[in-house]
Amino acid sequence: MKLGSLELPKTAALAPMAGVADRAMRELCREMGACWEVCEMTSSKGLTCGSRKTAELLEITEKERPAAVQIFGSEPEVMAEAAQMAMEFHPDAIDINFGCPAPKIAGSGGGSALMRDPELAGRIVRAVADAVPVPVTVKFRAGWDEENRNAVEFARICEANGAAALTVHGRTRMQMYAPPVDRGIIRQVVEAVSVPVIGNGDVDSPEAAKQMYDETGCALVMVGRAALGNPWIFRRIERYLRDGTLLPEPTPEERMEMLLRHSRLLCAYKGTYIGMRETRKHAAWYIKGMPGAASFRRECGELSTPEDLGRLAEEVLTGAR
């Protein structure tokens, strides 16, 4: 997939999951083969009002590249200003979030709420595209609800206003993350525009990635929730697409080793107090499906120190042997 001066291999990208796809996770997923990453969504208003916490979401290290930063909001001028401010972090692209279904975001006019106002969405894309020297990409959904599945019209408007690539999540806003994913509407978008289209939604295995490519004709697939506790999915997708080899799932030892690495990165970047509290949810994801996982879930929610995590990892491995 060509994006500006970038040539992205036909493997898989990491989705911009709020509160999850932070610097630590992006580094690990990139190491495991993610060919493109989008940072956590950032409020345009928060950024332009000088929020340091908001600005921290835009930091990109060389280990994560190529990567885009993602902004959301409903005011073209504010979005353009936020995009210009984001350029201080030297992103490879600016991504606009028109897909977030969270009530807090959509209820205030941002995220997927813009799918109900394609004209305003187009003005936002144009304002951002005119404000920055890097490619501008857009992420959106199949539509607001079943009666308003306007992804094709929406895609054409975004393309006409300067979008260099589009990511389509094959669900409506009202579906949130409930099945099914509509790959057919992603294919319709692919056939309706000339810019690259990234397919998103339930890409949870190498086979599902191939199915997304085969059924939609998309230029790239994006992995979201399936990467939680499972950065190996990118390596497995790359290999499967390359020669049909289905690499084995990671061993319990590999899972615990990666969890410990993930936690160390979280603590290094956010401090031990915050890092260990964020480790709690990741620990639950890393042990999901392992023998005794249900009984260890409570311990995951009580982790406070690296030593706590070390003991939990040893208990998990002992139970898994």
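Predicted model: local features only at pLDDT ≥ 70, side-chain atom pairs only at ≥ 80, totals over all residues.
Me: What is the omega of the peptide bond from P179 to P180?
Reply: A cis bond is also found from R65 to P66, with omega near 5°, and P66 has its place in the loop between α3 and β5 (67-72). The bond from P179 to P180 is likewise cis, and its omega is near 0°.

Me: Is H90, with its positive phi, buried or exposed?
Reply: H90 lies in the loop between α4 (76-86) and β6, and its phi is about 55° although it is not a glycine. Its relative accessible area is 56%, so H90 is exposed.

Me: Which strands make up the closed barrel?
Reply: In general, strands of a sheet pair through backbone hydrogen bonds, either parallel or antiparallel. Here two strands are taken to pair if DSSP finds at least two bridges between them. The closed barrel has 8 strands with parallel pairing, and they run β3-β4-β5-β6-β7-β8-β9-β10.

Me: By what angle are neighbouring strands of this sheet turned against each other on average?
Reply: Axes are lines fitted to C-alpha atoms, for helices over the stretch in contact, and angles run from 0 to 180 degrees between N-to-C directions. For neighbouring strands of this sheet direction is ignored, and the average turn is 30°.

Me: How many bridges join β7 to β8?
Reply: These two strands run parallel, and F140 has V168 in β8 as its bridge partner. Helix α7 (residues 151-160) lies across β6 (93-98), β7 and β8, running at about 165° to β7. The number of bridges that join β7 to β8 is 6.

Me: Is T42 buried or exposed?
Reply: T42 has its place in strand β4, and α1 lies across β3 (12-14) and β4. Leaving aside neighbours within four places in sequence, T42 is in contact (heavy atoms within 4.5 Å) with T54, L57, L58, Q70, I71 and F72. Its relative accessibility is 0%, so T42 counts as buried.

Me: What is the volume of the largest pocket?
Reply: On a 1 Å grid over the protein atoms alone, a pocket is an open set of points with protein on both sides within 12 Å along at least five of seven lines, a cavity is a set where a 1.4 Å probe fits but cannot get out, and lining residues have an atom within 4 Å of a point. Grid points are joined across faces, edges and corners, and a volume is the space filled by probe spheres set on the points. The lining of the largest pocket has 26 residues, of which E40, K53, E56, L57 and K270 lie nearest its centre. The volume of this pocket is about 840 Å³.

Me: Which element gives the most to the lining of the second largest pocket?
Reply: The second largest pocket has a volume of about 520 Å³ and is lined by 25 residues, with M17, K139, H169, Y177 and R225 nearest its centre. Both β7 (136-143) and β8 (165-172) supply at least two residues of this lining. With 3 residues, the element that gives the most is β7.

Me: Which element supplies the largest share of the lining of the largest cavity?
Reply: The structure holds 1 cavity of 30 Å³ or more, and about 40 Å³ of space lies in the largest cavity. The elements that give two or more residues to its lining are β4 and β8. The largest share, 3 residues, comes from β8.

Conventions:
Residues numbered from 1 in each chain as written. Heavy atoms only, no water. Helix = DSSP H or I, 4+ residues; strand = E, 2+ residues; numbered from the N terminus. Buried < 20%, exposed > 50% of the residue type's maximum accessible area, 1.4 Å probe, protein only.
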